[in-house]
Amino acid sequence: MGRTHSLLAFLLSLLLFSCKDSDDTAPSKVAEEVTTINIDIVLPASIQSQWQNTIQMAMANIEMAQQVLPNKVKLKLRYHDEDTEDLEQLAYSLTHPQEGEDTCHAIIGPYHSDHASIFLNYAAATCLPVVMPTCTSVELQRIHTKSTYAWFLTESDVTQCEIMLTAVNTMNVKNVALIYSDNTYGKSFYDYFGFFATEHDMKIVGEGMTAYREEEPLDDFFQAIFDETANETVAILLALSDAREYIDVWKQMQSFMDTASGQELNVITCSADVSLCDEIISYEKPIFNIGFCPAGAMNYGFPQSYEIKFGRLPYNGEPQIYDALSIIAYGAALRMASPNECYVNNQLVKSPTLTDYMRSVVDESGYANTIWDTFSMADAFSMLAKGLQIDPSGATGDLVFDYQTLTKILQTTYMMWATIPNYDSETDSIMSNHIVPLSYLTISDYGSSSSVKAVELWQREKNIQSFDLSVSVDHQLPDVKDHWAVVISPSTSWNNYRHQADAFAMYQTLRRHGYDDDHIILIVEDNLANDPRNSKYAGRIFVDLNEDSYYDVYEDANVRLNAVVDYHFSDLTFSDIDSIMLGRQSQRLPHVIHPDSASNVFVFWSGHGGRTDGPLWGNEDAGIYFGSAHIDKIVTEMNKSDMYRRMMFAIETCFSGIWGETLTGQPDVLVLTSANADESSKADIFSKELGVFLSNAFARTFREMITFNYDISIYDIYINQLKTTNGSHVSLYNEKEYGSVYTNSMTDFFPQ
């Protein structure tokens with residue numbers, strides 16, 4: 001009923017506004033006040049062209065919706081080619097305009113996640129809103145999630161990866177692989193592909209994951225898949241940055257199938273968001289392909305209206321740019337009505353900027369729900385002109401943003417689509433292709449789209465291991481005489497701050513739980529505390545700078561405090577680790593462990609890892625593996641020499657499960673890893689002050705549980721970490737050679 005009333009009122013207002021009374025005494029027209037908002041749109045030229053339908057629709061609707069209002073917002077758009085302009089210079093000039101130049105009030109774009117940080121870094125000084133329709137990099141969103149000027153209008157690629165694998169799972173396809181772009185965008189899929197494959201009990205086949213690099217052949221990748229799967233169906237996820245990369249991969253796949261004598265690769269390709277474009281739709285694809293991309297909300301009618309008007313469904317990012325223009329216009333209208341008074345989450349904002357008014361618009365404090373069409377937008381602008389709050393929904397659906405910052409969308413609807421050829425019956429040839437939507441999916445519980453949230457929760461519960469209650473080793477262990485620990489971080493760069501910080505924090509945890517310094521070997525580069533970028537906290541290192549950190553119960557949150565570093569990582573070699581673990585003391589290596597058959601040994605390793613062989617020796621670009629065979633050799637020799645009673649490894653690296661699998665079978669050894677053999681591990685706490693992550697999720701939760709409950713059972717520490725470590729599956733290995741994980745506790749390694 002409310003919509004009907006507003007439509008009648010709107011039409012009546014138009015009629016009254018447009019008619020002239022012949023009587024000279026008729027009231028004069030109210031003077032208009034127009035506020036111009038300069039919006040700089042940064043997109044590749046091809047995307048600007050693809051999005052023009054939506055941009056023009058949004059501009060026309062915003063203008064018409066304000067037609068009867070005396071005070072209006074006018075959006076002035078200025079375009080920049082993301083592919084050709086100097087983005088560093090452009091970002092600086094937009095955020096630092098010269099005197100006399102038109103000020104930039106908001107930026108829409110860029111299109112690619114790789115470019116977004118340039119604009120966000122410059123926008124920080126003035127809180128200039130940067131509204132990104134398609135920047136979906138996980139790391140980008142995590143780093144800038146508390147930047148109130150950084151507007152992300154699509155969920156991160158964690159969601160898209162989950163959606164894609166969930167859809168494949170419903171097709172009963174259990175073999176999967178991934179080809180991803182070698183950039184920020186592709187890394188998101190690389191980081192979460194293994195996690196969601198595990199969630200759905202899928203098998204990662206062949207080489208599993210490979211980065212697409214121009215001119216590098218993919219034959220070996222396809223051959224490895226064929227060798228492992230024979231006639232079984234395989235879903236290859238393609239997370240690539242542009243149409244050219246997609247077409248090249250499809251051509252290589254077709255070439256492989258054509259030249260593989262007597263072989264047939266049963267492949268479904270699942271292409272990610274940027275694949276929905278004219279170039280790919282018009283390409284005669286040789287492989288059965290289904291695509292996934294963020295879409296407009298069917299329950300609010302945007303895709304249907306768009307298709308009726310323009311003859312096709314909206315492409316990737318089009319509903320998002322419609323909402324971007326709408327939110328900016330709404331924010332400007334609210335600022336015009338209440339220039340000095342802005343409330344966000346019912347809190348008064350001092351000296352509000354445009355981004356604050358935009359946040360006020362979407363904070364869900366308004367009573368009247370409005371949608372994206374002209375008539376409903378007229379209601380929205382009318383209420384905003386009176387300083388009233390609204391509850392807007394857009395072309396993408398309910399505009400539900402992160403409650404704290406109101407700049408990170410929490411709901412995205414994805415369209416699963418395929419292309420169907422249009423045949424010329426006379427020539428029996430393909431004239432063109434057209435898109436067919438197969439399904440609309442979301443992981444949220446909003447709207448009318450199918451939700452996969454229940455599937456995710458069910459799969460997570462399903463993956464919790466159950467251990468044999470009757471497991472016990474077949475020999476008697478001596479009473480514990482002493483404890484030894486080796487703490488290693490092979491990372492040396494500032495960007496990997498979290499690895500050394502976690503190592504120092506583990507050192508402090510060991511000290512608090514009974515270890516004297518002579519029984520801990522600490523191996524870190526120790527170059528963070530006095531790094532110039534740490535000038536504010538010179539001499540100190542933190543794993544959490546929040547006031548409510550659990551470290552507040554201690555004298556100082558500085559994990560570097562009184563720590564004794566035994567070796568700088570860069571001074572050691574592979575064989576030096578052997579000597580340290582095997583007690584081979586020398587003038588060069590004075591600090592080693594000296595355990596015997598009554599000693600418990602704890603090993604903590606925090607760094608990077610790779611899918612080939614687990615933990616790396618050095619930073620992520622070192623390209624050198626410590627080697628699963630190498631660590632197995634060390635443990636085997638320690639066992640033969642009676643150098644431990646029990647031993648536990650806690651490994652915080654990507655693909656750390658590789659070491660867990662390797663060490664399975666070693667007597668009295670337990671391996672707890674931050675990820676399984678197919679997954680990357682995730683950073684946890686980001687510091688905007690320092691510009692780095694301070695800790696990893698696995699290491700943080702491990703410390704927290706030991707700190708507050710050191711006699712926690714092994715099963716409980718595993719199960720709690722599995723539930724609280726996001727983005728990877730904490731895994732426990734070799735319990736059958738260790739003993740019951742239910743009756744044995746962490747006091748074996750943290751005695752007090």
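## A cis proline in a loop

Pro110 sits in the loop that links strand E3 (106–108) to helix H5 (113–123). The peptide bond leading from Gly109 to Pro110 is cis, with omega near 0°. Helices (H or I, at least four residues) and strands (E, at least two) are DSSP runs, numbered from the N terminus.

This is a predicted model, in which local features need pLDDT of at least 70 and side-chain atom pairs count only at pLDDT 80 or more, while totals for chains, interfaces and linings use all residues. Residues are numbered from 1 along each chain as its sequence is written, and side-chain values use heavy atoms, with hydrogens and water left out.

## Helices H7 and H8

Let us turn to a pair of helices. Two packed helices are described by the angle between their axes and the distance between the axes. Helix H7 (residues 157–170) packs against helix H8 (residues 184–199) at an angle of about 45°, and their axes are 9 Å apart. That makes H7 oblique to H8. Axes here are lines fitted to C-alpha atoms, for helices over the stretch in contact, and angles run from 0 to 180 degrees between N-to-C directions. Angles under 35 degrees count as roughly parallel, over 145 as roughly antiparallel, 65 to 115 as roughly perpendicular and the rest as oblique.

The crossing of H7 and H8 is right-handed; a crossing is right-handed if the near helix is turned clockwise from the far one by less than a right angle, and left-handed if anticlockwise. Where do the two helices meet? On the H7 side, the residues in contact (heavy atoms within 4.5 Å) are Asp157, Val158, Gln160, Cys161, Glu162, Met164 and Leu165. Their partners in H8 are Tyr185, Ser188, Phe189, Tyr192, Phe193, Phe196 and Ala197. By class, this contact of H7 with H8 has 10 nonpolar, two polar and two charged residues. Ala, Val, Leu, Ile, Met, Phe, Trp, Tyr, Cys and Pro count as nonpolar, Asp, Glu, Lys and Arg as charged, and the others, Gly among them, as polar.

Asn172 lies in the loop between H7 and strand E6 (175–181). Although Asn172 is not a glycine, its phi is positive, at about 65°.

## Helices H9 and H10

Helix H9 (residues 219–229) and helix H10 (residues 243–259) cross at roughly 55°, and their axes come within 10 Å. That makes H9 oblique to H10. The crossing of H9 and H10 is right-handed.

In H9, Asp219, Phe222 and Gln223 meet Val249, Gln252, Met253 and Phe256 of H10. The contact of H9 with H10 has four nonpolar, two polar and one charged residues.

## Two cavities

How many cavities of 30 Å³ or more are there? The count comes to two. On a 1 Å grid over the protein atoms alone, a cavity is a set of points where a 1.4 Å probe fits but cannot get out, and lining residues have an atom within 4 Å of a point. Grid points are joined across faces, edges and corners, and a volume is the space filled by probe spheres set on the points.

The largest cavity has a volume of about 40 Å³. Among the residues lining the largest cavity are Asp323, Tyr330, Trp372 and Pro392. Helix H13 (318–337) and strand E14 (390–394) each give two or more residues to this lining, and H13 gives the most, with four. The second largest cavity has a volume of about 40 Å³, and its lining includes Cys293, Pro303, Met415 and Tyr440. Strand E10 (residues 289–295) gives the largest share of that lining, three residues.

Key:
On a 1 Å grid over the protein atoms alone, a cavity is a set of points where a 1.4 Å probe fits but cannot get out, and a pocket is an open set with protein on both sides within 12 Å along at least five of seven lines; lining residues have an atom within 4 Å of a point.
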